[in-house]
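Visitor: Please take me closely through one part of this model. I would like the nonpolar core and the pieces of structure around it.

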Amino acid sequence: MSDEHDDTPGADRRSDEEWRSALTAEQYRVLRQHATEPPWSHPYNTEHRQGRYVCAGCGAPLFASDAKFDSGSGWPSYFEAFDSAVETTVDHSYGMVRVEMHCRRCGGHLGHIFDDGPAPSGKRYCTNGMSLQFEPDETPDRQP
Ligand SMILES: [Zn+2]
(Lines give C-alpha, C1' and ligand atoms only; values in the text may rest on other atoms or scores of the structure.)
Protein backbone atom coordinates (compact mmCIF):
# COMPACT_ATOMS: atom_id res chain seq x y z
CA MET A 1 0.00 0.00 0.00
CA SER A 2 1.24 3.50 -0.71
CA ASP A 3 2.62 5.79 1.98
CA GLU A 4 -0.28 7.32 3.90
CA HIS A 5 1.79 10.26 5.05
CA ASP A 6 2.96 11.37 1.64
CA ASP A 7 1.17 14.61 0.78
CA THR A 8 2.64 14.97 -2.68
CA PRO A 9 -0.07 15.67 -5.27
CA GLY A 10 -0.99 12.46 -7.03
CA ALA A 11 1.00 10.46 -4.48
CA ASP A 12 -1.75 7.90 -4.05
CA ARG A 13 -1.95 6.05 -7.36
CA ARG A 14 -3.71 2.83 -6.53
CA SER A 15 -5.00 0.73 -9.37
CA ASP A 16 -8.68 0.49 -10.14
CA GLU A 17 -8.71 -2.98 -8.66
CA GLU A 18 -7.10 -1.78 -5.43
CA TRP A 19 -9.65 1.02 -5.08
CA ARG A 20 -12.48 -1.38 -5.69
CA SER A 21 -11.40 -3.54 -2.79
CA ALA A 22 -10.46 -0.61 -0.49
CA LEU A 23 -13.76 1.26 -0.80
CA THR A 24 -17.40 0.40 -0.27
CA ALA A 25 -19.40 -0.03 -3.47
CA GLU A 26 -21.04 3.38 -2.95
CA GLN A 27 -17.75 5.13 -2.19
CA TYR A 28 -16.21 3.54 -5.25
CA ARG A 29 -18.99 4.82 -7.50
CA VAL A 30 -18.61 8.38 -6.20
CA LEU A 31 -14.82 8.63 -5.83
CA ARG A 32 -13.69 6.60 -8.80
CA GLN A 33 -16.64 6.72 -11.21
CA HIS A 34 -17.78 10.32 -10.63
CA ALA A 35 -21.24 9.35 -9.40
CA THR A 36 -23.34 11.75 -7.34
CA GLU A 37 -25.16 10.51 -4.28
CA PRO A 38 -28.88 11.38 -3.97
CA PRO A 39 -29.51 14.70 -2.18
CA TRP A 40 -30.31 14.49 1.55
CA SER A 41 -28.98 10.93 1.59
CA HIS A 42 -25.87 11.44 3.68
CA PRO A 43 -25.66 12.07 7.44
CA TYR A 44 -22.90 14.68 6.94
CA ASN A 45 -25.64 17.04 5.76
CA THR A 46 -26.57 17.47 9.38
CA GLU A 47 -23.11 17.02 10.91
CA HIS A 48 -22.37 20.15 12.96
CA ARG A 49 -19.60 19.04 15.27
CA GLN A 50 -16.16 20.64 15.21
CA GLY A 51 -13.51 18.71 13.35
CA ARG A 52 -12.27 18.14 9.86
CA TYR A 53 -13.30 16.20 6.80
CA VAL A 54 -10.73 14.00 5.11
CA CYS A 55 -10.84 12.13 1.81
CA ALA A 56 -12.62 8.78 2.23
CA GLY A 57 -10.22 7.34 -0.31
CA CYS A 58 -6.79 8.36 0.93
CA GLY A 59 -7.29 10.30 4.18
CA ALA A 60 -6.00 13.65 2.92
CA PRO A 61 -7.50 16.56 4.93
CA LEU A 62 -9.96 18.43 2.70
CA PHE A 63 -12.33 20.69 4.66
CA ALA A 64 -12.53 22.24 8.13
CA SER A 65 -15.86 22.10 9.94
CA ASP A 66 -15.57 25.91 10.22
CA ALA A 67 -15.90 26.12 6.43
CA LYS A 68 -19.14 24.10 6.38
CA PHE A 69 -22.43 25.88 5.85
CA ASP A 70 -26.02 24.89 5.30
CA SER A 71 -26.58 25.37 1.60
CA GLY A 72 -30.02 23.76 1.51
CA SER A 73 -28.87 21.73 -1.48
CA GLY A 74 -28.97 18.33 0.19
CA TRP A 75 -25.19 17.87 -0.09
CA PRO A 76 -22.56 18.78 2.48
CA SER A 77 -21.28 22.23 1.45
CA TYR A 78 -18.18 24.24 2.31
CA PHE A 79 -17.07 27.73 1.30
CA GLU A 80 -13.41 26.77 1.12
CA ALA A 81 -11.08 23.78 1.14
CA PHE A 82 -7.72 23.44 2.86
CA ASP A 83 -4.88 24.98 0.84
CA SER A 84 -3.97 22.81 -2.15
CA ALA A 85 -6.28 20.02 -1.00
CA VAL A 86 -8.44 19.88 -4.10
CA GLU A 87 -7.83 20.23 -7.80
CA THR A 88 -10.43 21.16 -10.36
CA THR A 89 -11.31 20.22 -13.91
CA VAL A 90 -14.10 21.42 -16.17
CA ASP A 91 -16.89 18.88 -16.43
CA HIS A 92 -19.05 18.99 -19.57
CA SER A 93 -21.34 16.09 -18.68
CA TYR A 94 -25.15 16.33 -18.77
CA GLY A 95 -25.01 19.34 -21.12
CA MET A 96 -23.72 21.57 -18.34
CA VAL A 97 -20.38 23.23 -17.79
CA ARG A 98 -19.40 22.69 -14.19
CA VAL A 99 -16.20 22.83 -12.19
CA GLU A 100 -15.48 19.38 -10.85
CA MET A 101 -13.30 18.98 -7.79
CA HIS A 102 -11.19 16.04 -6.88
CA CYS A 103 -8.76 15.13 -4.13
CA ARG A 104 -5.32 16.36 -5.04
CA ARG A 105 -3.59 13.35 -3.54
CA CYS A 106 -5.58 10.43 -4.93
CA GLY A 107 -7.67 12.04 -7.67
CA GLY A 108 -10.91 10.88 -6.06
CA HIS A 109 -14.02 12.68 -7.30
CA LEU A 110 -15.55 14.84 -4.54
CA GLY A 111 -18.26 16.93 -6.18
CA HIS A 112 -18.52 20.33 -7.89
CA ILE A 113 -17.70 23.94 -7.08
CA PHE A 114 -20.30 26.63 -7.74
CA ASP A 115 -20.11 30.41 -7.58
CA ASP A 116 -23.14 30.92 -5.36
CA GLY A 117 -21.53 30.39 -1.96
CA PRO A 118 -21.38 32.83 0.95
CA ALA A 119 -18.74 35.49 1.62
CA PRO A 120 -15.80 35.70 1.83
CA SER A 121 -15.05 33.15 -0.92
CA GLY A 122 -18.39 33.23 -2.77
CA LYS A 123 -17.76 29.58 -3.53
CA ARG A 124 -19.85 26.55 -2.74
CA TYR A 125 -17.93 23.29 -2.59
CA CYS A 126 -20.85 20.93 -3.15
CA THR A 127 -19.57 17.61 -1.90
CA ASN A 128 -20.70 14.03 -1.79
CA GLY A 129 -20.76 12.94 1.85
CA MET A 130 -19.75 9.53 0.54
CA SER A 131 -16.37 10.93 -0.53
CA LEU A 132 -15.60 12.24 2.95
CA GLN A 133 -14.67 10.91 6.36
CA PHE A 134 -15.42 13.17 9.33
CA GLU A 135 -12.85 13.33 12.11
CA PRO A 136 -14.31 15.03 15.17
CA ASP A 137 -12.02 17.23 17.26
CA GLU A 138 -12.23 14.84 20.20
CA THR A 139 -9.91 12.43 18.37
CA PRO A 140 -7.04 12.12 20.87
CA ASP A 141 -4.14 11.92 18.42
CA ARG A 142 -5.46 14.44 15.94
CA GLN A 143 -2.79 15.90 13.67
CA PRO A 144 -2.82 19.69 13.19
ZN1 LIG B 1 -7.93 11.37 -1.67
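Guide: Two strands count as paired if DSSP finds at least two bridges between them. The model is predicted. With that in mind, start at one bridge. Tyr 53 has Phe 63, in E2, as its bridge partner. E1 and E2 pair over three bridges, in the antiparallel sense.

Now widen the view to the sheet. It is open and has three strands, ordered E2-E1-E9, with antiparallel pairing. E2 and strand E9 (132–136) are the edges; each has a single partner strand, so one side of each lacks a neighbour in the sheet. From one strand to the next, the twist averages 30°.

Next comes the core. The largest nonpolar core holds 25 residues. Cys 55, Leu 62, Ala 81, Val 86, Cys 103 and Tyr 125 touch the most other members. Several elements each supply at least two residues of this core: helix H2 (25–33), strand E1 (51–55), strand E2 (61–64), strand E6 (98–103), strand E7 (109–114) and strand E8 (124–127).

Look at Cys 55 in detail. Neighbours within four places in sequence are left aside here. Its contacts include Leu 62 and Cys 103, and both of these are also among the core residues that touch the most other members. Cys 55 is in contact with Ala 60, Arg 105, Cys 106, Gly 108 and Ser 131 as well.

Turn to H2. Its buried residues are Gln 27, Val 30 and Leu 31. Seen down the helix axis, they fall within an arc of 85°, so they line one face of H2. E7 is part of what covers them. The face of H2 turned away from the buried side carries exposed residues, Ala 25 and Gln 33. Just after H2 comes His 34, with a positive phi of about 60°.

Finish beyond the end of E2. Ala 67 sits in the loop between E2 and strand E3 (68–69). Burial requires 20 or more other C-beta atoms within 10 Å. Ala 67 has 19 such neighbours inside 10 Å, so Ala 67 counts as partly exposed. Not counting residues up to four places away in sequence, Ala 67 touches Tyr 78, Phe 79 and Glu 80. Phe 82 is 15 residues from Ala 67 in sequence; their C-alpha atoms are 9.3 Å apart in space.

How values were computed
Residues numbered from 1 in each chain as written. Predicted model: local features only at pLDDT ≥ 70, side-chain atom pairs only at ≥ 80, totals over all residues. Core = buried A, V, L, I, M, F, W, Y, C linked by C-beta atoms within 7 Å. Buried ≥ 20, exposed ≤ 12 C-beta atoms within 10 Å, placed from the backbone. Helix = DSSP H or I, 4+ residues; strand = E, 2+ residues; numbered from the N terminus. Contact = placed C-beta atoms within 7 Å. Arc of directions from axis to C-beta. Axes fitted to C-alpha atoms, helices over the stretch in contact; angles between N-to-C directions.
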